[in-house]
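Me: I would like to learn how to read a few features of a protein model. Please take them one at a time.

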Amino acid sequence: MISSRSRYAGVATAKILSAEGDMRVTIVPGPARDWAFNYTYYQTKNGDRVDSLGRFFYGDDTKWWLIADANPQILDWTYLPIGTILRVPSG
């Protein structure tokens with residue numbers, strides 16, 4: 001199911017039956033919360049990877065998802081074209 005290292009570890013889940021009759025597990029959304037971020041903008045350079053950006057901005061390779069959450073327009077984080085402008089939330 002959900003890895004214990006995932007940011008979703010410990011969240012509520014529910015089993016649902018799909019239209020095809022398959023049983024699936026989904027994450028149950030929590031209560032809505034207000035969010036406020038201070039962003040830094042960063043332009044990607046040659047050799048940037050999501051894990052190295054997590055280390056650079058937060059001191060932890062695994063925190064790259066903070067940057068991913070702030071940039072929902074990017075669907076594929078396996079390749080970051082040089083010159084991509086990213087919003088980086090303050091840690």
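The dialogue below goes through salt bridges, a strand residue and a surface patch in this predicted model.

Me: Let us begin with charged side chains. How many salt bridges does the structure hold?

Reply: A salt bridge is counted when a side-chain nitrogen of Lys or Arg lies within 4 Å of a carboxyl oxygen of Asp or Glu. The structure holds four of them. One of these joins Asp61 and Arg55, with 2.7 Å between the closest N and O atoms.

Me: Which residue forms a salt bridge with Asp51?

Reply: Arg49 is the partner of Asp51, and their closest N and O atoms are 2.9 Å apart. At 23% relative accessibility, Asp51 is partly exposed. The value for Arg49 is 45%, so Arg49 is partly exposed as well.

Me: Now a residue in a strand. Where is Ala14, and which residues is it in contact with, leaving aside its neighbours within four places in sequence?

Reply: Ala14 sits in strand S1. Leaving aside neighbours within four places in sequence, Ala14 is in contact with Arg24, Val25, Thr26 and Val28. Take Thr26: it is 12 residues from Ala14 in sequence, while the two C-alpha atoms are 5.5 Å apart in space. Ala14 has a relative accessibility of 27%, so it is partly exposed.

Me: Last, the surface. Which residues make the nonpolar surface patch of about 220 Å²?

Reply: For a nonpolar patch, one looks for residues with over 30% relative accessible area and no salt bridge, whose nonpolar side chains are joined within 5 Å. Here Tyr8, Val11 and Ile27 make a patch of about 220 Å². Val11 lies in the segment before strand S1, which covers 13-17. Its relative accessibility is 33%, so Val11 counts as partly exposed.

Note on methods
Residues are numbered from 1 along each chain as its sequence is written. This is a predicted model: local features need pLDDT of at least 70, side-chain atom pairs count only at pLDDT 80 or more; totals for chains, interfaces and linings use all residues. Side-chain values use heavy atoms; hydrogens and water are left out. Patches are made of residues with over 30% relative accessible area and no salt bridge: like charges are joined within 9 Å, nonpolar side chains (Val, Leu, Ile, Met, Phe, Trp, Tyr) within 5 Å. Accessible areas come from the Shrake-Rupley method with a 1.4 Å probe; for residues, only the protein chains shown count as cover. Helices (H or I, at least four residues) and strands (E, at least two) are DSSP runs, numbered from the N terminus. Buried means under 20% relative accessible area, exposed over 50%, partly exposed in between (1.4 Å probe, protein chains only). Contact means heavy atoms within 4.5 Å.
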